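Please examine the structure shown below.

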Amino acid sequence: MTIPGVNNICVVGAGNMGHQIALCFAIAGYKVKCTDINEEILKKAENFADTYLPQRVAKGKMTEEVAKQARANISFTMDLKEAAKDADVVVEAILEKLDLKRELFAQLDEICPPHTILATNSSFIVSSKIAPVTKRPEKVCNMHFFNPALVMKLVEVVNGPHTSDEVAQKIFDLAKDIGKIPVMLKKEIYGFLVNRILAAINQEALYIYDMGVASYEDIDKAVVYALGHPMGPFRLMDLTGIDLSYYIGMERYQETGDPKHKPSPIIVEKFIKKEWGEKTGKGFYDYTKK
Ligand code: 3HC
């Protein structure tokens, strides 16, 4: 923990990404308050911390001392004000809905001290769409982690047109300090680096599937056993959330009008059926028997 002026972190949203982002900071020695409006999700996040840390110790991947300290570093509360009032950095990881993020950032702007940096972990919403609701646009940026956040090393930091270089650099250094490999995007671009590349792969995989050329299992096999990816695109969509694939597609389609971004029929079907992947127990694959 070596970033000047950064001691307390607040992570808003304890879901798929937020609970692990919070733990990344706690393990690295930061004091973390993790908050969510959903009690069940927050409890699940706390239970995860209670099981994950001892498991790392049992596996010989973490010392007992680090695990103990990490658990002491992290707390969970439904009270946003309590979670954010003394934060030096806030990382937002709530639903991918612009109006909700705007509402939250306006609240955070009121709650947090003037020096607090407000970062969004959004997968595709650039922070210039959020920053104007605050009185500190120069302290707003994207800090994008990958799923599962405790494992994936990359963090994308986006230096938006409103973001000060100093703030972007601080977030870059913070990512490095928690053992991540940050990359700096000098300009805002939709989908940043990774999700642009991933979207191209997913689009092609879904097109081939919708054409009836091959099953999703076989397309996944092709990507794993020929391209060497750790998991195929359908398995990965289950991990990151089919709801997210739907939101990304819809938002991009509405913004560009280009039908190639429209969520494919199978994504729409699964979105409506709430078959969102691991988080709901079923996506392309079934996780209820795991
Ligand atoms: N949470 C925390 N840790 C996990 C985990 C999870 N959900 N899943 C696996 N791990 C850990 C395991 O504990 C293990 O740790 P260890 O080696 O230190 O003991 C390690 O990861 C490897 O796990 P496994 O041996 O059980 O499984 P795999 O070797 O199959 O790895 C995986 C699992 C790391 C998820 C791997 O399949 C992978 O890298 N998949 C690709 C993930 C990816 O592409 N992520 C980016 C998605 S894009 C994104 O997130 C953008 C966003 O905006 C949508």
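How far does a polar side-chain atom of Ser123 lie from an oxygen atom of the ligand? The distance is 2.6 Å, where a polar contact is a pair of N or O atoms within 3.5 Å; within protein, one atom must be able to donate a hydrogen and the other to accept it, and residues adjacent in sequence count only if both atoms are side-chain atoms. Taken alone, the ligand exposes 1,000 Å², and the protein buries 63% of that area, with accessible areas from the Shrake-Rupley method and a 1.4 Å probe.

This is a predicted model, in which local features need pLDDT of at least 70 and side-chain atom pairs count only at pLDDT 80 or more, while totals for chains, interfaces and linings use all residues. Residues are numbered from 1 along each chain as its sequence is written, and side-chain values use heavy atoms, with hydrogens and water left out.

**Ligand site**
- The ligand is surrounded by 18 residues, the closest being Arg56, Lys59, Ser123, His144 and Asn147; a residue is near a molecule if one of its heavy atoms lies within 4 Å of it.
- Arg56 places a polar side-chain atom 2.9 Å from an oxygen atom of the ligand.
- In the side chain of Gln20, an N or O atom is 2.9 Å from a nitrogen atom of the ligand.
- The shell comprises nine nonpolar, six polar and three charged residues (Ala, Val, Leu, Ile, Met, Phe, Trp, Tyr, Cys and Pro count as nonpolar, Asp, Glu, Lys and Arg as charged, and the others, Gly among them, as polar).
- Domain 1 (8-185) and domain 2 (194-280) each contribute at least three residues to this shell; the domain bounds come from an automatic or database domain assignment.
- At least two shell residues come from each of α7 (194-210) and α9 (233-240), where helices (H or I, at least four residues) and strands (E, at least two) are DSSP runs numbered from the N terminus.

**Backbone features**
- Most residues other than glycine have a negative phi, and most peptide bonds are trans.
- The peptide bond from Asn147 to Pro148 is cis, with omega near 0°.
- Pro148 belongs to the loop between β6 (140-144) and β7 (154-158).
- Phe192, a residue other than glycine, has a positive phi near 55°.
- The loop between β8 (181-185) and α7 holds Phe192.
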